Amino acid sequence: MNAPHRAAAAAPLPFYQPLADECEVFEAAWHQQLPLLIKGPTGCGKTRFVAHMAARLGLPLFTVSCHDDLSAADLVGRHLIAAGNTQWCDGPLTRAVRAGGICYLDEVVEARKDTTVVLHPLTDDRRILPIERTGEQLAAPASFMLVVSYNPGYQHVLKTLKPSTRQRFVALAFDFPPPAVELTVLREEGGADEALARRLVALAAQLRRLGGYHLDEAVSTRLLVYAAKLIASGMAARTACRVALVEPLSDEPDTLAALMAVVDTQFGA
Amino acid sequence: MEDLVGSWWDRLVRRAAYPGYPQAAVLLDDVAPQALLFFRAMGGDPGLAIRSAVGTAHGARRRWLARVAGIDTHVELAWRDGQALYLPERIDLYPDAALNRGLYFWLMALAAQPPAQGDWLQSNSEGTARCLATMPGLATLYQRLVAALLPLRNWPANGTGQAAEQAIRHALLQPGTATALPAGSPPPQPVPLWLHPSPPSAAAANQDDGQQPEQGHGDSRDSKARRRYRARRDNPDDRKNGMLLQFRAESIFTWDDYVRVNRHQDEDEPDDGAAAEDMDRLTVSRDGKTRASRLKFDLDLPAAAYDDTPLGDGLLLPEWDYRRERLVADHCRLQPMLPRDASPAPLPDKLQAAARRLRRQFQALSPERSRKSGEASGPDLDLDRIIRFLAEQRSGVAVAEPPLYQAWPPAGRSMACLLLADLSLSTESWLGEAGQVIHVIRDSLLLFAEALAACGDAFGLYGFSSLRRSEVRYLLLKDFGEPYDDAARGRILAIRPGYYTRMGAAIRQSTTILLQQPAQRRLLLIVSDGKPNDLDHYEGRYGVEDTRQAVLEARRAGLIPFCVTVDREAGDYLPHLFGKRGYSVVHDAHRLPQVLTSLYASLTA
Ligand SMILES: Nc1ncnc2c1ncn2[C@@H]1O[C@H](COP(=O)(O)OP(=O)(O)OP(=O)(O)O)[C@@H](O)[C@H]1O
Ligand SMILES: [Mg+2]
């Protein structure tokens, strides 16, 4: 579970380069007090987007990375013993509700189905969080927003949200940014110069043609940022591409060799 | 002009154009494992196969040019058509193997470019310019390839020849600025860095080779609808026997056309049945004496001697009629069977190494008895929960006593998988010359089973094919209840390709079986190679809709259907059957064994 963090008022906005109208959609959903579901492949900027929007709206962000052992108590809270006495301790969801902030459940499909059910009263028009163990019932303030995300790739067919959970959210589909946007991301995030960013984006376009056929998942923006950072820090481009783009994608020797041949079309010596 | 250049070259290759450096030769076989992936990354049509420039699959070793020319040195050129990308079978142009290898990748990148305008010289020059503009890394390689090529080229003696050579060198050095070849120039020397000016048609290449046209060659992308008419031939002798060809052309196609035209709206059983019956008779009557049993097997009529062993009388299953939008009860008869001639056998030696690797990998997946908290009983106290419980009791809120123990239950995954393999006849043909696909399926099943046995998930393996609605053959390879042992391996080793693909019924039966498994998550994995089809009306829309319906039924019952296919055209219909994320296409069928197991690992991770 990630520690929640409060956006300091003066801190600069986390950099986020919009792909389309997702910022407007987010704001509109927040104004209308609607929960939001973000789906998209790994490393395409979902987490960054939420961090950016939270800062932009001046709201505290409480992030929970879901896993299959996550229980309702992990979200809502539990009693602890302190100084020989029991003390209730809010979970991140409860804290987000009390603070009127954003609660972001990353990879929500990983959570056990019974866990996601505690979200139900919060995500319909009641907007309440009953805390069974203390008998308390919290009404979410207008500024509270629940955001969940997951990766809908075919590898995850066994894990899906129940329709009754799904149908409580406004949903945004993310994908890897178009070249012009990704270029900006690589320059801003990866510290790449224009020429390097161009080559990396061209390489990404080549590698992404292989998604689904030869590779389980297409190369992500995150990995491109890694490669850019390594090259910008002085690593040889071929090496950086190998460690940041090629090796993370596959274990098959033939696939790796072919991917390196593709890298060479951009960074060949 | 193009044709002219092409035929010049065809003559020219017989006169050793380049000496070649055999010790630095790189074979297509060496780069083939990477070629498909690379070509696609370059933007090449993902549907194309990679073949050697003599028109055979890269696996086949035929050195057409070498043999025709009767010399060792030769030039092969690359080109692309609607079916495949053709690459030289070997490249030994340069003394440096790295350059020869680089030339392969250069040719693939060039061939992946969209066709350019102009004559041979201009279009190659244009394509080259485009490659270099978008791929700066290739520019370095290209410069080295050109620099090393120029000294190998001769200066023609006469003036017009020199003008042409001048134009070619200019185009090589300054891509994108080429003008047309000077008119009336003599045959220019081949340019191994460029695509073939007038690619030989597949047929021509084969004729030059002095062999019968490869059946199935060039139409590996055929829809199954056509493939089903291909006869089985695993013996080259059959190929020489013109009868099969004649048979296909005359009887089956005519019958098929006839049926197509006269397709009935309602149950087209009686007439179709009769037509099919006719066909069976035709098969027999046209059949020679000696090959009687083989041909009967080839063409849809089970020859008793080849047939599998039925178990029981068969089960009646419904089928979906999309025109009437309802399930027609008891419409097909599914016959559970055991493969004929199956005797217990160990895993073949050639799979041992892969199996060992998979077993190790999948043992890691197995639920190594991880500690589980919050059990109602168990060997350990769950301290966390006890403290929490006591704390809550103290806080004054009444809470019922929760489960307070820790246990180490086995089988934490609670996963059951039924693998259903399509064994229809088409699985025989689509790998073309490079090996019969049934072998790949067999290996895939064997390795898949090794992997699953290692991770401890419950699994069953079944195969199916069909011969009209009266005979959906459901092969029992490994039942859920039995262990995976040599008896099961023997049955898998004994599978042979069957008839058609009545997929709906097979899926329904698999659903029934899988639903009896007590696991929490139940995966219905279908391995297929093409569209559903059968001899009767089970074709086109009808077959697709019935299959879709069967998949929906499985999903509604709580199973997770997933299809792995090697049909490159699957994108046309599989989303409709299994949903956008319910399938995966394996482009290189040879990799099916690896893909299947890694897919299973990632699906269930
Ligand atoms: N539009 C964007 N603007 C700015 N940075 C971006 C953008 N898209 C991607 N990035 C970069 O990619 C990295 C990965 O993005 P992020 O962590 O948000 O991915 P994610 O979608 O949450 O992935 P996962 O599903 O694996 O958690 C970010 O750290 C950031 O550097
Ligand atoms: Mg994230």
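Guide: Of the 269 residues of chain A, 51% count as buried, where buried means under 20% relative accessible area, exposed over 50% and partly exposed in between (1.4 Å probe, protein chains only). This is a predicted model, in which local features need pLDDT of at least 70 and side-chain atom pairs count only at pLDDT 80 or more, while totals for chains, interfaces and linings use all residues. Residues are numbered from 1 along each chain as its sequence is written, chains are lettered from A and ligands numbered from 1 in the order in which they are written, and side-chain values use heavy atoms, with hydrogens and water left out.

Visitor: How many helices and strands does the secondary structure of chain A come to?

Guide: Helices (H or I, at least four residues) and strands (E, at least two) are DSSP runs, numbered from the N terminus. On that basis, the secondary structure of chain A comes to 11 helices and 9 strands.

Visitor: Is Ser250(A) buried or exposed?

Guide: Ser250(A) is found in the loop between helix H10 (237-246) and helix H11 (253-267) of chain A. Leaving aside neighbours within four places in sequence, Ser250(A) is in contact (heavy atoms within 4.5 Å) with Leu215(A), Thr255(A) and Leu256(A). Because the relative accessible area of Ser250(A) is 10%, this residue counts as buried.

Visitor: Which residue of chain A meets Arg238(A) in a salt bridge?

Guide: A salt bridge is a side-chain nitrogen of Lys or Arg within 4 Å of a carboxyl oxygen of Asp or Glu. Here the N to O distance is 2.6 Å, and the pair links helix H10 with helix H11 of chain A across 26 residues. Arg238(A) is partly exposed at 37% relative accessibility. Its partner, partly exposed with a relative accessible area of 24%, is Asp264(A).

Visitor: What is the area buried between chain B and chain A?

Guide: The contact involves 41 residues of chain B and 38 residues of chain A. Buried area is the accessible area (1.4 Å probe) that two parts lose on being put together, summed over both. Carbon and sulfur atoms give 61% of the total, which is about 3400 Å².

Visitor: Which residue of chain B meets Glu252(A) in a salt bridge?

Guide: Side chains of opposite charge can pair when their charged atoms come close. The count between chain B and chain A is 1 salt bridge. At 3.5 Å, N to O, the side chain of Glu252(A) meets that of Arg591(B).

Visitor: Which element gives the most residues to the side of chain B that touches chain A?

Guide: The elements giving two or more residues include helix H6 (136-149), helix H15 (383-394) and helix H2 (28-41) of chain B. With 7 residues, the element that gives the most is H2(B).

Visitor: Within chain B, which residue forms a salt bridge with Asp546(B)?

Guide: Asp546(B) lies in helix H20 (residues 540-556) of chain B, and the partner lies in helix H19 (residues 503-515), 38 residues apart. Both residues are buried. The closest N and O atoms are 2.9 Å apart, and the partner is Arg508(B).

Visitor: Which residue in S5(B) is the bridge partner of Arg51(B)?

Guide: Two strands pair if DSSP finds at least two bridges between them. S2(B) and strand S5 (residues 84-87) of chain B pair in the parallel sense over 4 bridges. In S5(B), the bridge partner of Arg51(B) is Tyr86(B).
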